[in-house]
Amino acid sequence: MTMHDDWKRELEQLHLTEIQKERMIVHVKSGKKKKKSYVGVVLPAFIVLALFSILLAVQPSKMVQQTASPIETAKEAGSVEEIIWLTLTLILMMSAYSLAVASLLKVKRWQNSAFVHRLIGFLKSYRIIWMIISLLGIGFAIVMIASSLKSSSAFLQSLFVIFLFANTSFIQILLTKNEQRAHCPHCEAELTNKEMLKKSFMIYDAKCNICKKKMYFDRKKNQSTYLIQTLGMPFCLLMPSVDIPFYVMGVYFILYIAFTFGYLLPYTVRFSTQSEEQQPPLW
Amino acid sequence: MEIEQLIHTYGDYLYHIAFIYTKDERAAEEVVQDVFFKFHQTSHRFDGRSSIKTYLTKMTVNRSYDYLRSWKQRTFSLLEQLTGTSTGADHRVLQKEERGEITNAVLKLPVKYREVLLLYYYEDLQVKEVAEFLQVPVSTVKTRLQRAREKLKQLLPEQQWEVLASDDAR
């Protein structure tokens with residue numbers, strides 16, 4: 001068997017399904033050339049325009065009386081701090097968008113999901129346009145809302161914290177992109193979130209609910225993955241030093257705990273058949 | 001031959017060709033669909049000088065090139081470079097690891113090398129026939145084959161490459 005025979009066999013694995021062929025026959029016989037869909041471009045543009053019109057309608061007198069540019073409005077109000085928060089928020093937003101796309105493409109355990117496939121296809125169809133329009137649209141909305149609110153600084157800080165949370169979450173997801181859900185080392189049964197939560201509090205007496213055999217935390221494996229769980233913690237500690245209000249910090253902390261225990265935990269914990277004494281030393 | 005029969009007979013074959021050019025299963029399906037659509041509309045132009053298979057193959061290659069030159073494909077490539085994700089829509093239907101080692105290695109090559117490998121090894125054409133098909137000199141085809149093999153040698157394990165090298169000496 002030569003290499004090109006192997007290649008031919010590999011290519012044979014790729015084939016059109018009967019449904020695809022039938023669809024093709026129907027399309028060819030219909031005699032109508034498939035029109036390109038511009039919905040992906042027109043619809044977001046329309047939404048952004050509509051949003052813009054609504055914002056104008058909400059604060060017409062303020063917009064006319066003050067200078068045209070919202071940035072200048074903010075400057076005039078003496079809010080240099082707001083501009084800094086705004087810039088940082090926009091940077092975090094762009095970064096969160098890129099990380100979200102990368103996560104959709106890279107996380108292995110998501111690749112079997114039909115929804116994720118549809119989402120990837122949707123994003124890929126006109127993704128540069130989507131990216132530009134969504135960034136411009138959201139950025140513009142942030143500026144408009146921030147300049148029209150009295151407590152714009154707190155609003156921007158909240159947005160900053162939400163995007164910071166989004167960034168750390170997507171980084172954590174990307175770091176666990178190849179991980180499978182935690183499972184029993186004896187019967188391979190996957191653990192539910194509720195079971196994981198229980199077992200994380202009784203690390204020396206964990207039993208599989210299916211086969212009832214004892215399982216132990218894999219010390220070596222877990223040491224590296226625990227670091228992923230704590231990735232968002234430094235930001236939480238740094239927040240008071242950059243004058244972020246306590247309640248905004250609280251929101252971040254709640255989101256962080258909910259994400260870590262509600263989603264991330266099963267992908268960062270591994271169980272072993274050996275007890276801690278039997279496991280090899282870490283060094 | 002009726003269009004249904006053509007699709008059932010040559011659909012998969014043309015799909016493989018389009019896939020090697022576009023590196024994207026959905027794009028390959030679109031290309032094949034366009035080819036059959038166009039053939040159905042302009043079948044009166046087919047004068048029978050070549051076989052219907054060769055005619056459809058040529059149409060598929062031309063349509064694949066149209067796709068590669070298209071704005072849509074270029075935006076994909078640009079964003080892939082920006083985000084650092086892999087080529088084409090590799091993640092779509094069939095995962096990279098499911099495609100096989102040789103196909104993945106071939107897909108990493110530039111299109112000019114992929115096409116000579118496809119015509120020479122997959123379609124079993126002689127070098128002269130490949131040159132006529134692509135409308136390039138015979139020496140160009142030989143050079144491209146040589147370079148494609150060199151690049152493949154770097155991508156594939158040694159023992160597998162040796163088989164391909166000896167096979168090419170036929």
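1. Among contacts in chain A between residues at least 6 apart in sequence, what percentage join residues at least 24 apart? The figure is 77%, two residues being in contact if their C-beta atoms, placed from the backbone, lie within 7 Å. For chain B, 60% of the contacts between residues at least 6 apart in sequence join residues at least 24 apart.

2. The model is predicted: local features need pLDDT of at least 70, side-chain atom pairs count only at pLDDT 80 or more, and totals for chains, interfaces and linings use all residues. Residues are numbered from 1 along each chain as its sequence is written, while chains are lettered from A and ligands numbered from 1 in the order in which they are written.

3. Confidence in chain A calls for comment. Its mean pLDDT (the predictor's confidence in each residue, from 0 to 100) is 73, and 68% of the residues score at least 70. Within chain A, helix 13 (residues 246-268) has the highest confidence, at 84, and helix 4 (residues 60-65) the lowest, at a mean of 46. Over residues 59-68 of chain A, pLDDT stays under 50, and the model has seven contacts beyond four places in sequence for them.

4. Secondary structure is assigned from DSSP runs, numbered from the N terminus: helices are H or I of at least four residues, strands E of at least two. Chain A contains 13 helices and three strands. Chain B has ten helices and zero strands.

5. On burial, 23% of the 283 residues of chain A count as buried (20 or more other C-beta atoms within 10 Å of the residue's own, with C-beta atoms placed from the backbone). In chain B, 34% of the 170 residues count as buried.

Key: A residue is buried if 20 or more other C-beta atoms lie within 10 Å of its own, exposed if 12 or fewer, and partly exposed in between; C-beta atoms are placed from the backbone.
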